[in-house]
Amino acid sequence: RKEYDRFLGIRDLKSVQTKKLSEILRANESCAYLRGHTGRPTGSIQPIQSADDFRAAFPLTEYEDYLPYIERIAAGEKNVLTTEDVLCFQTTGGSTSASKLIPYTASLKREFQNGLRPWLCDLYTNGPGLGAGKAYWSVTPAIHERRRTEGGVPIGFEDDTAYFGGLFERLSGILLVTPDIPDGAGTDDFYRITAEALLRCRRLTFLSVWNPTLLTLILEYIETHCGAEKRAFPQLKMISCWCDATAARYLPKLRALLPHAEIQPKGLLSTEGFVSVPILGETGARLAATSHFFEFLSAADGRAHLAHELTPGEEYEVVLTTSGGLYRYRTHDVVLALDRTPRLRFLGRNGKVSDLFGEKLNERFISAIMETVESDFCMLAPETDYYILYIKTETIPLRFEEELMKNFHYQYCRDLGQLKPLRIFRLTGDPASAYLAAAAENGQKLGGIKPPALSLTGGWTRIFEGAFVHI
């Protein structure tokens with residue numbers, strides 16, 4: 001309650017954010033990364049007195065900038081990106097690499113909880129009867145065996161309740177429905193165990209998932225295997241899920257399946273950071289100002305703005321500095337500033353990323369796979385719930401989806417059944433000319449059109465000549 005009141009009561013956003021930056025830098029001043037950027041062997045960063053000093057001394061970063069440091073941590077080295085020990089790595093999708101390992105420290109967990117606790121307090125204080133029953137939270141992928149790096153660093157949390165921390169961990173048996181999914185469980189096991197656990201709960205009042213399609217798949221499993229009459233969860237009061245960007249198209253089906261439950265859009269959360277907190281009755285979500293230090297790159301001019309400098313109605317890319325060892329890290333998540341609180345609405349990701357269900361396929365990643373394929377023309381494109389590889393070649397690349405599965409989130413969406421298997425469309429005729437004609441018809445200047453490795457739109461079977469290959 002105190003954290004909730006403090007969060008809602010933020011008035012001097014600049015001071016809150018300056019304090020957070022100072023805490024992060026002071027706590028990690030002796031780590032290798034900060035020493036390397038300040039140029040001071042002792043690790044002292046006393047000259048950095050303000051956000052402007054920090055931005056002058058440190059460049060904007062991408063994940064690839066951290067790879068040498070991540071490898072050192074994975075090998076067991078300490079004091080690399082943070083002075084604090086790394087508790088584990090969390091996995092997320094990459095662009096040039098198949099997946100990314102994000103280091104988690106105790107302080108980073110606390111930063112996530114700084115956003116999570118006000119949200120939970122708001123839900124259970126102002127939500128309609130949520131405290132009268134139990135909740136199901138789908139937090140981390142549940143059907144992959146947990147591993148360790150060569151240096152012994154765990155990959156993934158031991159248990160989903162570790163995400164909540166503190167009191168929630170101790171009360172998880174009372175507050176949460178926790179399906180016991182064994183390591184290495186298959187898709188059918190995941191749905192069966194989850195469905196059985198939900199049906200055993202007499203008063204299920206809250207469901208939290210990431211993409212709404214996961215919940216619809218669970219409900220369809222229950223209808224098929226457990227009887228349609230058990231599907232409704234009559235005590236259910238609220239669902240939390242993604243509602244913005246590409247997830248919005250799947251909400252009507254979820255509302256039809258559970259028409260009596262309110263749907264609250266999630267704030268912006270990623271493996272790297274907790275960006276915004278939804279508050280009941282408000283549009284958008286409030287910046288998680290006590291979680292990390294934030295900057296925002298203007299879509300209009302590319303300039304970096306601090307949180308208190310946002311202009312309502314403008315679009316920005318989120319940049320994070322966290323206690324997990326990310327410094328001025330570009331998330332490529334784009335938000336719309338709704339007011340000066342600031343409240344934000346997630347719009348999508350910049351760069352060329354296809355993200356039907358959270359798979360986050362990046363064109364650079366797809367291009368790297370295609371470099372191993374001999375073809376005259378090659379393009380990947382999404383349809384409703386699967387991808388099509390359009391390719392003109394004599395030799396069909398049967399292992400293409402195996403390469404896609406190296407993207408952690410793509411594999412997760414495939415394992416859960418959100419994405420169906422890749423289909424291959426063998427091209428005939430002149431696909432490059434067909435693509436150019438279609439792009440020109442859509443208003444692109446003919447001289448600047450280049451066939452992409454990844455199209456963000458589907459429907460290309462109506463444009464290209466060829467046929468599907470049965471594999």
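## Basis of the model

The model is predicted: local features need pLDDT of at least 70, side-chain atom pairs count only at pLDDT 80 or more, and totals for chains, interfaces and linings use all residues. Residues are numbered from 1 along each chain as its sequence is written, and side-chain values use heavy atoms, with hydrogens and water left out.

## Overall fold

The chain has 15 helices and 21 strands. Both are DSSP runs, numbered from the N terminus: helices are H or I with at least four residues, strands are E with at least two. Of the 471 residues, 53% are buried. Buried means under 20% relative accessible area, exposed means over 50%, and partly exposed lies in between (1.4 Å probe, protein chains only).

The chain exposes about 21,000 Å². Carbon and sulfur atoms supply 49% of that area. Accessible areas come from the Shrake-Rupley method with a 1.4 Å probe; for residues, only the protein chains shown count as cover. Contact means heavy atoms within 4.5 Å. Among contacts with a separation of 6 or more, 65% join residues 24 or more positions apart.

## The α9–α10 pair

Two packed helices are described by the angle between their axes and the distance between the axes. Helix α9 spans residues 187–200, and helix α10 spans residues 212–226. Their axes come within 10 Å and cross at roughly 80°. That makes α9 roughly perpendicular to α10. Axes are lines fitted to C-alpha atoms, for helices over the stretch in contact, and angles run from 0 to 180 degrees between N-to-C directions. Angles under 35 degrees count as roughly parallel, over 145 as roughly antiparallel, 65 to 115 as roughly perpendicular and the rest as oblique.

From α9, the contact uses Asp-188, Phe-190, Tyr-191, Arg-192, Thr-194, Ala-195, Leu-198 and Leu-199. From α10, it uses Leu-214, Leu-217, Ile-218, Tyr-221, Ile-222 and Cys-226. By class, eleven of the residues in this contact are nonpolar, one is polar and two are charged. Ala, Val, Leu, Ile, Met, Phe, Trp, Tyr, Cys and Pro count as nonpolar, Asp, Glu, Lys and Arg as charged, and the others, Gly among them, as polar.

Helix α12 (residues 363–370) buries Phe-365, Ile-366, Ile-369 and Met-370. These residues cover an arc of only 140° around the axis, which puts them on the same side of α12. The arc is that of the directions from the helix axis to the C-beta atoms. The buried residues of α12 pack against β17 (361–362), β18 (377–382), β19 (387–392) and α13 (400–404).

In α5, the buried residues are Tyr-69, Ile-70, Ile-73 and Ala-74. They cover an arc of only 140° around the axis, which puts them on the same side of α5. Gly-76 follows α5 and has a positive phi, near 110°.

Ala-289 sits in the loop between β10 (285–287) and β11 (293–298). Ala-289 is buried, with a relative accessible area of 1%. Its C-alpha atom is 8.1 Å from that of Phe-7, 282 residues apart along the chain. Not counting residues up to four places away in sequence, Ala-289 touches Phe-7, Ile-10, Leu-13, Val-16, Gln-17 and Phe-294.

Tyr-327 lies in the loop between β13 (315–321) and β14. Tyr-327 is buried, with a relative accessible area of 0%. The C-alpha atoms of Tyr-327 and Thr-61 are separated by 7.1 Å, though 266 residues apart along the chain. Beyond neighbours within four places in sequence, contacts of Tyr-327 include Ile-24, Tyr-33, Pro-59, Thr-61, Leu-81 and Leu-320.

Leu-251 belongs to helix α11 (residues 251–257). Leu-251 is buried, at 6% relative accessible area. Leu-251 and Thr-213 are 38 residues apart in sequence and 8.5 Å apart, C-alpha to C-alpha. Leaving aside neighbours within four places in sequence, Leu-251 contacts Pro-212, Cys-241, Trp-242 and Cys-243.

## Backbone features in loops

A cis peptide bond joins Thr-341 and Pro-342, with omega about -5°. Pro-342 lies in the loop between β14 (329–337) and β15 (343–349).

Asn-79 has a positive phi, near 60°, in a residue other than glycine. Asn-79 is in the loop between α5 (67–74) and β1 (88–93). Asn-79 is partly exposed, with a relative accessible area of 27%. Lys-360, also a residue other than glycine, has a positive phi near 55°. Lys-360 lies in the loop between β16 (353–354) and β17.
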